[in-house]
Amino acid sequence: MERSGVLIEQMDGNVKNSVLGVVSYLRSFKASVFAFVICNTPGAFTRELGKWGIDTIVEIRPEDSRDKMNPQLISRMIVQAMHQTGVNHLFGITGAEGRDLLPRIASLLDGSLVMDCTRVDPDEYTAATSNFSGKTEAVIEFSGEFHVFGMRPNYYKPVKADITPRVIEFIPEMEDNTGIRYQGVVESARSGVDLTEADVIISGGRGLKNGENFSLLFECAKELNAAVGASRVAVDEGWVPYTMQVGQTGVKVNPKVYIACGISGSVQHFAGMKTSGIIIAINEDENAPIFKNCDYYVVGDLFEIVEHLTEKLKRMK
Amino acid sequence: MKIYVCVKHVPDSAATITVTGENTIDERVTFIINPYDEHALTEARRIRDDFEGSEVIAVCLGKESARECLRSAMAMGADRSILIKSEMRHDAIETAGAIKAAIDEDGGADLIFTGREAIDSNGMQTMFRLGALYGCPVMTNVVETDISQNRARVVSEGDKGARLAYELELPCVLAAGKGLNKPRYPTMPDIIKSKKKEIKTAYIENLNIAPSQASMKLVKLIPYTENRHPENIIGDTEGTVEKIIDVLKNRAKVI
Ligand SMILES: Cc1cc2nc3c(=O)[nH]c(=O)nc-3n(C[C@H](O)[C@H](O)[C@H](O)COP(=O)(O)OP(=O)(O)OC[C@H]3O[C@@H](n4cnc5c(N)ncnc54)[C@H](O)[C@@H]3O)c2cc1C
Ligand SMILES: Nc1ncnc2c1ncn2[C@@H]1O[C@H](COP(=O)(O)O)[C@@H](O)[C@H]1O
């Protein structure tokens with residue numbers, strides 16, 4: 001794996017931290033790292049990406065900027081740029097965007113694809129991911145000419161490495177026969193910290209009792225620069241939107257700290273957060289299953305504790 | 001309109017998974033229809049009711065035991081089903097190849113539904129492999145559909161809850177997200193009616209499957225081990241909060 005490509009994703013104008021973590025992971029293989037970015041402003045990423053050890057930035061400039069809104073066309077651009085630069089291994093992250101683009105790219109390349117990877121061994125041709133919603137680790141042997149990997153977001157932390165990247169400009173050849181037409185935004189992304197990118201998550205479950213009470217978590221999250229998550233019960237009850245659901249059928253998260261408030265700790269919830277660095281559980285029931293598989297637990301009333309925690313954090317500033 | 005729904009037979013999410021060999025599990029657990037595929041079935045059934053003369057066909061690649069999953073799919077509204085029988089495990093590329101071949105043999109599709117992810121192998125890609133084989137458009141994490149004779153208007157959910165609208169030409173592949181609908185679970189009469197519905201059996205070795213140079217093979221399963229040592233934080237509210245802040249600050253270094 002002499003050359004490896006990274007699919008650059010942005011959030012609110014910055015390169016996602018989890019993508020930079022993947023760059024650092026690739027550097028540990030002594031690979032020459034090619035960053036693929038779709039951008040019409042030459043040099044827009046050079047400064048930022050130069051801090052993290054990217055060797056080459058491939059700036060893909062679609063002639064028609066509307067093409068950027070068609071995921072199938074973006075995937076074609078990436079594939080063309082990979083061919084152009086002789087990159088056969090592409091890495092991205094398993095977030096919403098990666099889940100859309102990476103399988104399209106792998107399919108166009110007729111290459112292998114392993115999503116939600118925690119490790120890749122390019123010499124052994126194996127990648128580790130999880131199966132059965134996190135109950136087992138699965139080692140997958142891949143073969144073929146092209147290989148695509150969706151890494152688990154936030155699993156690797158970015159490490160600084162100053163290099164002046166070489167910049168290659170690439171103008172893709174596009175013909176829109178994808179049968180997909182972008183029609184616009186129906187609802188824009190919510191503000192606040194993204195769950196998959198967050199270092200700290202504070203989540204609420206049935207113990208929150210209603211939707212209004214979630215403001216308690218949002219307030220605390222503001223002090224911690226945290227994202228707010230939820231159990232399925234809180235979502236099914238209509239207290240918070242589905243995009244906040246952590247778990248097997250929700251988002252899979254990897255924060256440094258996960259604070260679970262009024263969540264019992266079902267296997268399905270664990271499937272989404274069990275790889276968190278430190279798990280702190282607050283529950284009034286001393287027999288709550290979550291207490292058996294966490295790092296710190298508090299037997300008590302979440303309302304009292306979270307409110308007090310928020311106040312104390314405010315005072316610390 | 002011919003609507004195919006790909007349904008996978010997977011262990012219940014609450015089942016205890018016991019690894020038995022290098023890469024096998026004890027399959028004496030409850031199996032269910034992959035949860036996302038239930039959303040796909042529910043949507044397909046709704047669309048069928050909007051177009052006279054339409055048909056919903058459930059397709060599953062799996063072992064003989066997967067017949068159960070097709071029975072449930074038919075109880076949930078599929079008119080008939082196809083079991084592509086194989087005792088082996090197949091990666092997403094082979095799976096898509098087999099499903100395409102079986103659908104072609106059955107007459108071809110106007111619309112194909114899948115789930116956004118199978119909860120056992122967590123591949124997240126079968127729909128795109130299918131789309132590539134057909135050369136037709138694919139959209140994943142679909143949370144709204146509006147289908148007309150030759151196009152699908154869909155809304156797909158992205159990062160941080162963003163909802164984006166796309167128009168796709170038919171035929172196309174739509175992968176159901178959780179927000180698409182509330183699965184419609186069968187009533188007793190539905191279950192009784194489903195017993196009379198047809199399950200056609202196809203054998204993977206007889207299908208004309210497109211070859212691929214790539215493969216993904218599961219070689220090892222390792223049970224996830226819990227290695228946390230829970231520490232009880234005791235004390236009054238003040239002391240408890242102080243301890244939490246200490247963990248955040250000095251151990252996790254996040255504040
Ligand atoms: C196919 C399938 C997929 C699923 N996917 C998911 C998923 O992705 N994510 C998910 O979360 N669930 C999922 N579930 C649901 C899961 O099985 C549980 O039902 C759910 O996680 C429970 O949510 P909870 O912990 O909020 O509620 P409960 O289990 O009811 O727990 C509430 C807890 O709050 C505590 N509590 C109450 N009041 C207070 C208070 N004042 N202070 C402190 N503690 C308090 C109680 O002691 C209790 O332990 C799935 C289920 C299925 C079948
Ligand atoms: N063996 C199978 N039989 C039928 N459908 C399948 C099979 N495997 C995957 N699918 C479909 O593809 C979707 C995505 O699966 P995966 O790519 O494995 O995450 C599932 O939700 C199913 O709709």
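The questions below set values against definitions.

This is a predicted model, in which local features need pLDDT of at least 70, side-chain atom pairs count only at pLDDT 80 or more, and totals for chains, interfaces and linings use all residues. Residues are numbered from 1 along each chain as its sequence is written, chains are lettered from A and ligands numbered from 1 in the order in which they are written, and side-chain values use heavy atoms, leaving out hydrogens and water.

Q: How do you know what confidence the predictor has in chain B?
A: pLDDT is the predictor's confidence in each residue, from 0 to 100. Chain B averages 96, and 100% of the residues score at least 70. For the complex, the predictor gives an ipTM of 0.94 and a pTM of 0.93.

Q: Why is the site of ligand 1 called shared?
A: A residue is near a molecule if one of its heavy atoms lies within 4 Å of it. Residues from chains A and B surround ligand 1, so the site is shared between chains. There are 28 residues around ligand 1, with A:Arg206 and A:Ser231 among those that come nearest.

Q: Which polar contacts does ligand 2 have with B:Asp37 and B:Met124?
A: A polar side-chain atom of B:Asp37 lies 2.5 Å from an oxygen atom of ligand 2. For B:Met124, a polar backbone atom is 2.7 Å from an oxygen atom of ligand 2. The protein covers 97% of the 480 Å² of accessible area (Shrake-Rupley method, 1.4 Å probe) that ligand 2 has on its own.

Q: Why are strand 1 and strand 4 of chain B called a pair?
A: Strands are DSSP runs of E, at least two residues, numbered from the N terminus. Two strands pair if DSSP finds at least two bridges between them. Strand 1 (residues 2–6) and strand 4 (residues 55–62) of chain B have five bridges, in the parallel sense, so they pair.

Methods. Helix = DSSP H or I, 4+ residues; strand = E, 2+ residues; numbered from the N terminus. Polar contact = N/O pair within 3.5 Å; in protein donor to acceptor, adjacent residues only side chain to side chain.
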